Amino acid sequence: MVHDEAILITAVLTQAIEDTLYTGKRPRYIKHKEDAIDWILNDESEDHFAFLKYCAMIGLDPARIQTKVKEFTNPKLSKSEKLIIKQNMTKGRQDDNRIQV
């Protein structure tokens, strides 16, 4: 593997892990959180294989990352997070410029 590829894959994995830790109220980032949790933890997700492959490509144990994500975040969105996403999706957008309470 080329060094630049390893840097890119590391950045993708790092961003996904950071997304799982989001605690704010911006709809776009809540959706990123939901997608990242699904990508890392849901082995039935159509994109989960990419997570596993990226980990293998840079020599990381995916189970260890999954364990850490489970330790530091609740894999289920809160009711308020779900409501924020639902409200924004009915508007047809993921507006990150408005903070909804």
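The secondary structure of this protein comes to 5 helices and 0 strands, and the elements run α-α-α-α-α from the N terminus on. The model is a predicted one. Of the 101 residues in the protein, 32% are buried. Among the contacts with a sequence separation of 6 or more, 59% are between residues 24 or more positions apart.

- The protein has a count of 3 aromatic pairs.
- One of these is formed by Trp 39 and Phe 51, whose rings are edge-to-face, at 5.3 Å centre to centre and with 70° between the planes.
- Because Trp 39 lies in helix α2 (residues 27–41) and Phe 51 in helix α3, this pair ties together parts that are 12 residues apart in sequence.
- Trp 39 has a relative accessible area of 13%, which is under 20%, and therefore counts as buried.
- Phe 51 is also buried, and its relative accessible area is 0%.
- Trp 39 forms an aromatic pair with Tyr 54 as well; this pair is edge-to-face, with 6.1 Å centre to centre and 65° between the planes.
- Tyr 54 lies in helix α3 and Trp 39 in helix α2, so the pair ties together parts that are 15 residues apart in sequence.
- Tyr 54 is partly exposed, with a relative accessible area of 28%, whereas Phe 51 is buried.
- Through these ring pairs, Trp 39, Phe 51 and Tyr 54 are linked into a cluster.

**Packing of α3 against α4**

- Two packed helices are described by the distance between their axes and by the angle between those axes.
- For helix α3 (residues 48–57) and α4, the axes come within 9 Å and cross at roughly 115°.
- On the α3 side, the residues that meet α4 are His 48, Phe 51, Leu 52 and Cys 55.
- On the α4 side, Pro 62, Ile 65 and Gln 66 meet these residues of α3.
- By class, the contact of α3 with α4 holds 5 nonpolar residues, 2 polar residues and no charged residues.

**The largest pocket**

- The largest pocket holds about 190 Å³ of space.
- Two helices, α1 (3–20) and α4 (62–72), each supply at least two residues of the lining.
- Helix α1 gives the most to this lining, with 5 residues.
- The lining includes Thr 10, Leu 13, Thr 14, Ile 17 and Thr 20.
- Leu 21, Ile 58 and Leu 60 are also among the lining residues.
- Ile 65, Lys 68, Val 69 and Phe 72 line the pocket too.
- Sorted by class, the lining has 8 nonpolar, 3 polar and 1 charged residues.

- Asp 38 is found in helix α2.
- Asp 38 is partly exposed, with a relative accessible area of 32%.
- Asp 38 and Pro 75 are 37 residues apart in sequence, and their C-alpha atoms are 8.2 Å apart in space.

How values were computed. Residues numbered from 1 in each chain as written. Predicted model: local features only at pLDDT ≥ 70, side-chain atom pairs only at ≥ 80, totals over all residues. Heavy atoms only, no water. 1 Å grid on protein atoms, 1.4 Å probe; cavity = no way out; pocket = protein on both sides within 12 Å on 5 of 7 lines; lining within 4 Å. Points joined across faces, edges and corners; volume = space filled by probe spheres on them. Helix = DSSP H or I, 4+ residues; strand = E, 2+ residues; numbered from the N terminus. Nonpolar A, V, L, I, M, F, W, Y, C, P; charged D, E, K, R; others polar. Axes fitted to C-alpha atoms, helices over the stretch in contact; angles between N-to-C directions. Contact = heavy atoms within 4.5 Å. Phe/Tyr/Trp six-rings, centres within 6.5 Å; stacked < 30°, edge-to-face > 60°. Buried < 20%, exposed > 50% of the residue type's maximum accessible area, 1.4 Å probe, protein only.
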